[in-house]
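Please open the structure in a viewer and keep the sequence at hand.

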Amino acid sequence: MSTQKAQFITLEGVEGAGKSTQKEALCRLLDANGIAYIETREPGGTPYAESIRALLLSHADDAPSAKTELLLMFAARAQHLETKILPALQSGIWVVCDRFTDATYAYQGGGRQLPVDWIETLETLVQGAQRPDLTLIFDVPVEIGLARAGRRGALDRIESEDIAFFERVRAMYQQIASRNIDRVVTLDASADVDTVTETMIAFLMKRWNLSCHPG
Ligand code: T5A
């Protein structure tokens, strides 16, 4: 059982980087070490925020403008943070979240090229000083990630953007990593699943001083 404060962990990367796959391995590590946690995701994570997710990802005839998309991401985040993430952390439960505000910097800032200071303003409004304790960025060449995502089935509205969009997303994640070296760790996600998992587990066991490998 860990005695450190409940950790807020986020997983990030371009489409098909393997976040969801590696989130399961991370959760097995927490299980093996008797750490209480919740798994969640953005956009979404609560019934209300999942409704906003459906709006954001569906192929509607009147697609949201970039500014509407940005505001909806933060609307969903406000609900998610206030009703799920913060209550969990305050009661000592770790939070493992598939995407968070770095995705807004990468997709709406990098991909859509909205001004970064708009995102900073909304981040402060919605989160105050709350930031993840640890962010894992799964870095993979865009073509590899999109090919993996495509094998999974039909692409949603954002996944249907062009290669240049995702190259800007990836570049923004790389900038985020270089500017937040205490919080952000980049893992090479172009290797096979087991290799990525083993690298991640070794890093996390050391970082959190855990003794039980998930096996
Ligand atoms: N978004 C989100 C914004 O624009 N702004 C925001 O603020 C936020 C929060 C939804 C979308 O919303 C956007 C970004 C997204 O476009 P999402 O639900 O996280 O975000 O959706 P995706 O990123 O599309 O999630 P994916 O499921 O596509 O990607 P994952 O989770 O990175 O990949 P995963 O694990 O599902 O793997 C995909 C496939 O690849 C295989 C898996 O088995 C699976 O089939 N795979 C591998 N294959 C070979 N080698 C490996 N190492 C592999 N790892 C996984």
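The model on display is a predicted one. In a regular strand, side chains alternate between the two faces of the sheet.

Next, select the whole of strand S3, residues 94-98. The strand is mostly covered, with 5 of its 5 residues buried.

Strand S1, residues 8-13, pairs with S3 in the parallel sense over 4 bridges. Strand S2, residues 37-41, also runs parallel to S3, and 5 bridges join the two.

Which residue of S3 is the bridge partner of Thr10? Select Cys97 to see the partner of Thr10 in S3. Then select Thr40, whose bridge partner in S3 is Cys97 as well.

**Asp139 in strand S4**

Move on to strand S4, residues 134-139, and select Asp139 within it. Is Asp139 buried or exposed? Its relative accessibility is 16%, and because buried means under 20%, Asp139 counts as buried.

Select Arg170 next: a polar contact of 2.9 Å joins its side chain to that of Asp139.

To complete the view, display the other residues around Asp139. Neighbours within four places in sequence aside, Asp139 is in contact with Arg170, Gln174, Thr186, Leu187, Asp188, Ala189 and Ser190.

How values were computed: Residues are numbered from 1 along each chain as its sequence is written. This is a predicted model: local features need pLDDT of at least 70, side-chain atom pairs count only at pLDDT 80 or more; totals for chains, interfaces and linings use all residues. Side-chain values use heavy atoms; hydrogens and water are left out. Buried means under 20% relative accessible area, exposed over 50%, partly exposed in between (1.4 Å probe, protein chains only). A polar contact is a pair of N or O atoms within 3.5 Å; within protein, one must be able to donate a hydrogen and the other to accept it, and residues adjacent in sequence count only if both atoms are side-chain atoms. Contact means heavy atoms within 4.5 Å. Two strands pair if DSSP finds at least two bridges between them.
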